[in-house]
Amino acid sequence: MDEPFAITLDVGSSRANKTGSWRTERPVYVDLLPPCSGACPAGEDVREWLYEAEDGAAGYERAWRRIMAANPFPATMGRVCYHPCESSCNRGQLDEAVGINSIERFLGDEALRQGWTVGVDVPATGRTVLVVGAGPCGLAAAYHLARSGHTVTIRDAGPMAGGMMRFGIPAYRLPRDVLDREVARIVALGVRLELDTKVDDLDAALRRDGFDAAFLAVGAQVGRRAHLPAGSAAHVLEAITMLHDVAEGERPLLGRRVAIYGGGNTAIDAARTARRLGAEEAVIIYRRTRERMPAHDSEVREAEDEGVLFRWLSTIKHVDGGVMRVEKMELDDTGFPQPTGEIEELAADSLILALGQDTDLSLLDAMGDVEVRDGAVEVDATMMTGRPGVFAGGDVVPGERSVTVGIGHGRRAAAYIDAWLAGLPDRSEEVRRTAPFERLNTWYFSEAPRSHRAQLEAARRESTFDEVTHGLAPDTALYEARRCMSCGSCFSCDNCYGVCPDNAVLKIGGPGHGYEIDLDYCKGCGLCAAECPAGAIEMVPEQY
Amino acid sequence: MPAQQVKLYQIGTFAVGNRLLDAEQRTVQARMDRSNSLTSGHRACRGCGEALGARYVLDAAMRATGGQIVAANATGCLEVFSTPYPETSWQLPWLHSLFGNSPAVASGMAAALRAQGRRDVRVVGQAGDGGAVDIGLGCLSGMFERDDDVLFVCYDNEGYMNTGVQRSGATPPGARTATTRPLGAQPGNAFGQGKSLPLIAMAHEIPYVATATVADLHDLEAKVEHAMTLHGARYLHVLVPCPLGWGSASEDTVRVARLAKETGIFPVFEAEHGELTSVSRIRQRRPVEDYLILQSRFAHLFGEPRRDDIIARIQQQADRNIERFGLLDPRAQEA
């Protein structure tokens, strides 16, 4: 007995007592889909690239590369995307949504300033793909296909690449040099761009040039014309054509008073463009109310700031020689506008129709196996048409139409084409659970109201096509990135490691999930899960 | 562009760590080399606030002194769950005293070290509210009055939890315990009883008195660190929710402590030589009901009939704390 007087046992550590046996639930680290990514039509990993951007200058390039993994147009989309990510951002329920779109633009612009590029990191496959249409969807598909090692040719009927990004979106929203440089980056991957080359017969083109696969993304570029009784002296234009002409440098004569018929974003673009072309009065005539207008609220607000007028609940009955007859409408119980019989006259030197766009799919006439219904191409779950190897996306397939949707279609179609060329089975995208606001412990996030982008003064907007919305300064972009709450994913705050009363959260260190639960001692109290700011831990019942 | 000048670090210093902050600005608890003064395998209940508070305090004290800490510990939960002979969870020299004499034992340890000329080793005394507010108060007052070189820490869980949740001098009014049943016209603990040991300590005009909770780790560690830069009698009062005695969910321990501060029920402040020197302001003010409703010891206030009169009296006490200690940000009050 070496023990001191009156001592009969050695001192032992309580670590011999495995308190993990008390547990009825165990904490599990999860990685949930943040609502921003869930809402992004382009499929960006928003939370992941914000995480990189939170490091500031050291992380901007990594952040940009994360965006580029999904979307080859950060600077462009940072300007023109309607950012459904922000509409769904959980921070919107705390104070204001994170300004994801403005950070994306900052990163996109930073890439152009610094000359960051991407390359092809895989060996060439030797397979050739034809992309028809050099709009956002076609360019995005070409970009991803090229980065997968395929040889890509884009054919477009127009004189320049960009599609609606160039010919539909006015320069005050998207300066052309930004678009040019982002397109050039795609071409630099070795994509062959054949402009002024209309594909009249896809079947013939495929047979003649022996492409292994094709992606159809010709967009919807035919302005819809309503049956509008018009006299011979009426000056009626179609919005998409007008915007196209302006983009090509023309200045259509519109007169002093311009009326625009329609309620979508194109109507707003046309009205704001008319103001810049010298119209003293631009009035948008729409048959429903502002709340029911499909145009995005920010666009409507900017138009109002520029003096664009609105006439809600009105339809045009007749137009001739500078006079329009407008009938007042009222909404019925179902929210549908019904005529009231009340007619007013309105003076207008010209009328611009912005009533939607249709597709021109005559290039498919010779392909009986590709089904076209209501002006849209039918595709299966992998975006493939009835003809094996021929895929379609963007505005030519049914669904929402926007630049961002187009880019997302391009990315997904590229993945499906890649799988099809390799003879692999359909890669269905995994369904991930979303991280709702209620999962977060927002106590831990610093108070931080949103920083807004400055805008060009209204007086200058009427006379120039200068960009209306400015970018964020570097400090502000960093501030905004750090407002991200990392919904549903660990961002290494050490809370779980700190708040465990049993030291049962081990800090492993290193990037990513730097923690592990020590199940020998975890009693399953749930403090780590409750105090996780990001909701990235959940308690799972033990199985016996 | 109205440049945003505010430096934002996403979670600032609210969380335990923060990858965007310099390592020195993170807490001791975020460190991989923290001393884990109270190690795993202890028998505290799930979600124990006291186990958490003791590790927070001692790890910070260990770091502040380069590991030169000895502790005296009163009988109570903290002792019982950590040292069922022959096992111990303590990873520092630790001495178990009687229930009521741990301040005197700590004083003796400090005197012995002084006699040996050991200026480098510092003494921490620990007790629950039973051992400090009630039974050990005489010894503690003597330790204060002699200005003995001890940091004494009271882990306040507002009752005798180890022996079966009996009322202590720190039990709040209205609370149900084994000895204050929720019966009659004034259910639970009576109003007008109890005592504030931090204010009693301040009345001794000792070098340093502070209160803290397990919900604000940066604040707690800063206070321990500051206390270790001083000599003489120092007192730290830490609110540690008790899932068992309070009837709160084990995962709500930190949340309940946070609400105690945000409602004004538990004022978090610092005082030196009897003068209030700083307060932790309320960040998101909440009604006391938000705090009470999470704890079944107050369940009788929300039953049939609901006792809005008692809830209102508790709210008045919180409001008085807010007024008395200036717990609201003056700018927030104007807005």
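**Notes on a predicted two-chain model**

1. Start with A:S486, which has 25 C-beta neighbours inside 10 Å and therefore counts as buried. This is a predicted model, so please read every value below as computed from it. A:S486 is not a glycine, yet its phi is positive, near 55°. You'll find A:S486 in the loop between helix 16 (474-481) and helix 17 (495-499) of chain A.

2. That loop has another serine to look at. A:S492 also sits between helix 16 and helix 17 of chain A, and its phi is positive too, about 60°, although it is not a glycine. Is A:S492 buried or exposed? It counts as buried, because 22 C-beta neighbours fall inside 10 Å.

3. Helix 14 of chain A covers residues 403-422. Just after helix 14 of chain A comes A:G423, with a positive phi of about 70°.

4. Helix 6 of chain A (residues 100-114) passes the same kind of check: its 15 residues should span 21 Å at 1.5 Å a residue, and the end C-alpha atoms are 21 Å apart, which agrees. Helix 6 of chain A is mostly covered, with 11 of its 15 residues buried. Among the buried ones are A:I100, A:I103, A:F106 and A:L107, but also A:E104, A:R105 and A:E110.

5. What do the buried residues of helix 6 of chain A pack against? The partners are helix 1 (35-39), helix 2 (46-53), helix 3 (57-68), helix 4 (74-80), helix 5 (84-88) and helix 16, again of chain A. After helix 6 of chain A comes A:G115, whose phi is positive, near 70°.

6. Now the interface. Contacts link 45 residues of chain B with 48 residues of chain A. On the chain B side, the elements giving two or more residues are helix 1, strand 2 and helix 9 (253-262) of chain B. Helix 9 of chain B gives the most, with four residues. By class, the side of chain B that touches chain A has 19 nonpolar, 18 polar and eight charged residues.

7. The two chains also pair through strands. Strand 1 (residues 12-13) of chain A and strand 2 of chain B run parallel, joined by two bridges. Which residue is the bridge partner of A:S13 in strand 2 of chain B? The partner is B:T88.

8. Two cis peptide bonds in chain B deserve a look. One joins B:Y85 and B:P86, with omega about 10°; B:P86 is in the loop between helix 2 (77-82) and strand 2 (87-88) of chain B. Another runs from B:E304 to B:P305, with omega near -5°, and B:P305 lies in the loop between helix 10 (288-292) and helix 11 (308-325) of chain B.

9. Strand 6 of chain B (residues 208-213) is mostly covered: six of its six residues are buried. In a regular strand the side chains alternate between the two faces of the sheet. Here B:Y208, B:A210 and B:A212 point one way while B:V209, B:T211 and B:T213 point the other, and all are buried.

10. As for its partners, strand 6 of chain B pairs in the parallel sense with strand 7 (residues 234-239) of chain B over six bridges, and B:A210 stands opposite B:L236. The chain gets from strand 6 to strand 7 of chain B through helix 7 (residues 217-229) of chain B, a right-handed β-α-β crossover. Strand 6 of chain B also pairs with strand 8 (residues 269-272) of chain B, this time antiparallel and over two bridges. There, B:V209 stands opposite B:A271.

11. Last, B:C45, in the segment before helix 1 (49-65) of chain B. B:C45 counts as buried because it has 21 C-beta neighbours inside 10 Å. Leaving out residues up to four places away in sequence, B:C45 touches B:P243 and B:L244. The C-alpha atoms of B:C45 and B:C242 are 8.6 Å apart, though 197 residues separate the two along the chain.

Notes:
Residues are numbered from 1 along each chain as its sequence is written. Chains are lettered from A and ligands numbered from 1 in the order in which they are written. This is a predicted model: local features need pLDDT of at least 70, side-chain atom pairs count only at pLDDT 80 or more; totals for chains, interfaces and linings use all residues. The expected span of a helix is 1.5 Å times one less than its number of residues. A residue is buried if 20 or more other C-beta atoms lie within 10 Å of its own, exposed if 12 or fewer, and partly exposed in between; C-beta atoms are placed from the backbone. Two residues are in contact if their C-beta atoms, placed from the backbone, lie within 7 Å. Ala, Val, Leu, Ile, Met, Phe, Trp, Tyr, Cys and Pro count as nonpolar, Asp, Glu, Lys and Arg as charged, and the others, Gly among them, as polar. Two strands pair if DSSP finds at least two bridges between them. A crossover is right-handed if, with the strands pointing away from the viewer, the path from the first strand over the helix to the second runs clockwise.
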